[in-house]
Amino acid sequence: MTAPLKNSDPVTVDVALGDRAYDIVIGRGVLQSLGARVAALRPGARAAIVTDEYVATHWLRKTEASLLDAGIATSRIIVDEGEISKSYEGLEYVCEELITAKIERNDLVIALGGGVVGDLAGFAAAILRRGVDFVQVPTSLLAQVDSSVGGKTGINSPQGKNLLGAFHQPVLVIADTSVLDTLSPRQFRAGYAEVAKYGALGDEAFFAWLEANHADIFSGGAAREHAIATSCRAKAAIVSRDERETGERALLNLGHTFGHALEAATGFSDRLFHGEGVSVGMVLAAEFSAKLGMISEQDAARIERHLASVGLPTHLQDIAGFAQEGLADADSLMALMAQDKKVKRGKLTFILLEAVGRAVIANDVEPSLVRDFLEAKLAKA
């Protein structure tokens, strides 16, 4: 573990992908450097900013000002807030607006927003004119530590989460930690689930540090930048070794096989934010690992205890209305998991745990064991 950063110290994390690389710039106030950095990367380029209604009210003008100060002509595309925009209709709208704005191959798409905007704008950039470069300016904690890094872009299908998309790496990520001050407590907590995930899957020392320092992260102290930088370094290291998720990168899906099914069951709505689904999914993965004898019950309880201590949902009964609305059915959840993008030849892939800080890929789990486990959990919901 490195020493926590000071609030005044921006940090740059390099993502190296063979002969390609890009920077993740992290720190308070780094948004103002966006224009200068873009001008240096793509001299003469124009930019289209994709954002949502909520983020636009807080950060669109500052983003445009930074670009205009650097002599970069801009246009704006504003979508509805939330997962509703990560759809066929949302993708069509963004693509048509980019074409109308005459964004060409030597121009840039800038994703200003959380994970939804980043995934949607990145996918639109990937398919516009067969590929236009884009910049991620993540405005949520979840996006800063996870979805803005690594090049996964896409939209949801009515049949499942992120079933349509492309690997399309950004050319730059600007993670201004001051923008997180405008998040609701619930949004920040949801993003924290992904921070805790990095400790749980591969860095027990970081997980222990989070247990001791999470209050400073939530209050906006120096620990916040340190947590974000550590998470980004962890993801960058894995992505550099396995860009297209043919092996090790699957470990980053800890909690997601269960979590994505829960998101689908709740209609990809604000009833369950993505990070909240990941939180419940991590606890389910830890408890299922304990049931299989892979991890101690004490370690599984440690993960649940930490997530609960910051106010995240950790059990099915924590999802509002889950049991009362007919969603609590093991067969339905199994069917949703069977549509997960990580399914290979009909077999589910689970990321399970051998200890806090040591995750493993399991693609030979007997489905009946998963179903029985879910049925027992649902009976308590």
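Which residue with a positive phi follows helix 9? Gly-267 does, with phi near 75 degrees. This is a predicted model, in which local features need pLDDT of at least 70 and side-chain atom pairs count only at pLDDT 80 or more, while totals for chains, interfaces and linings use all residues. Residues are numbered from 1 along each chain as its sequence is written, and side-chain values use heavy atoms, with hydrogens and water left out. Helices (H or I, at least four residues) and strands (E, at least two) are DSSP runs, numbered from the N terminus.

- Seven strands make an open sheet in the order 1-2-9-6-5-3-4, and the pairing is mixed. Two strands pair if DSSP finds at least two bridges between them.
- Strand 1 and strand 4 (74-79) are the edge strands, each pairing on one side only.
- From one strand to the next, the twist averages 15 degrees. Axes here are lines fitted to C-alpha atoms, for helices over the stretch in contact, and angles run from 0 to 180 degrees between N-to-C directions.
- Strand 1 (residues 11-17) and strand 2 (residues 20-27) are antiparallel, with seven bridges. Val-15 faces Tyr-22 in strand 2.
- These two strands form a hairpin with two residues between them. Gly-18 in the turn has a positive phi of about 65 degrees.
- Strand 2 runs parallel to strand 9 (residues 172-176), joined by five bridges. Ile-24 stands opposite Val-173 in strand 9.
- Strand 6 also pairs with strand 9 in the parallel sense, over two bridges. Here Val-173 in strand 9 is the bridge partner of Gln-136.

**Helices on the sheet**

- Helix 2 (residues 53-69) packs on the sheet and touches strand 3 (47-52), strand 4 and strand 5 (108-113). Contact means heavy atoms within 4.5 Å. The direction of helix 2 makes about 160 degrees with that of strand 3.
- Helix 3 (residues 88-100) packs on the sheet as well, touching strand 3, strand 4 and strand 5. Its direction makes about 165 degrees with that of strand 4.

**Helix 9**

- Buried means under 20% relative accessible area, exposed over 50%, and partly exposed in between (1.4 Å probe, protein chains only).
- Among the buried residues are His-256, Phe-258, His-260 and Glu-263.
- The cover over these residues includes strand 8 (160-167), helix 6 (185-202), helix 10 (274-291), helix 12 (330-338), strand 10 and helix 13 (367-380).

**Aromatic rings and charges**

- The model has seven aromatic pairs. Rings of Phe, Tyr and Trp (its six-membered ring) pair if their centres lie within 6.5 Å; planes under 30 degrees apart count as stacked, over 60 as edge-to-face and the rest as tilted.
- Phe-206 and Trp-209 are stacked, because their centres are 6.0 Å apart and their planes are at 15 degrees. Both lie in helix 7 (residues 204-219), three residues apart, about one turn of the helix.
- Phe-206 is buried at 1% relative accessible area. Trp-209 is buried at 15%.
- Phe-258 and Phe-350 form a tilted pair, 5.3 Å centre to centre with 45 degrees between the planes. This pair links distant parts of the chain: Phe-258 is in helix 9 and Phe-350 in strand 10, 92 residues apart. Both residues are buried.
- Ring pairs join Phe-258, Phe-288, Phe-350 and Phe-373 into a cluster.
- The charged end of Arg-186 sits over the ring of Phe-273, 3.8 Å from its centre. A charge sits over a ring if NZ of Lys or CZ of Arg is within 6 Å of the ring centre and within 35 degrees of the ring normal.
- Lys-197 has its charged end over the ring of Tyr-198, 4.8 Å from the centre.

**Loop residues**

- Arg-129 is not a glycine, yet its phi is positive, about 50 degrees. Arg-129 is in the loop between helix 4 (115-127) and strand 6 (133-138), and is partly exposed at 38% relative accessibility.
- Glu-245 also has a positive phi, near 55 degrees, in a residue other than glycine. Its loop runs between helix 8 (222-241) and helix 9 (256-265). Glu-245 is buried, at 17%.
- Gly-357 is in the loop between strand 10 (350-355) and strand 11 (358-362), and counts as buried at 18%. Not counting residues up to four places away in sequence, Gly-357 touches Gly-199, Ala-200, Leu-201, Gly-202, Asp-203 and Glu-204.
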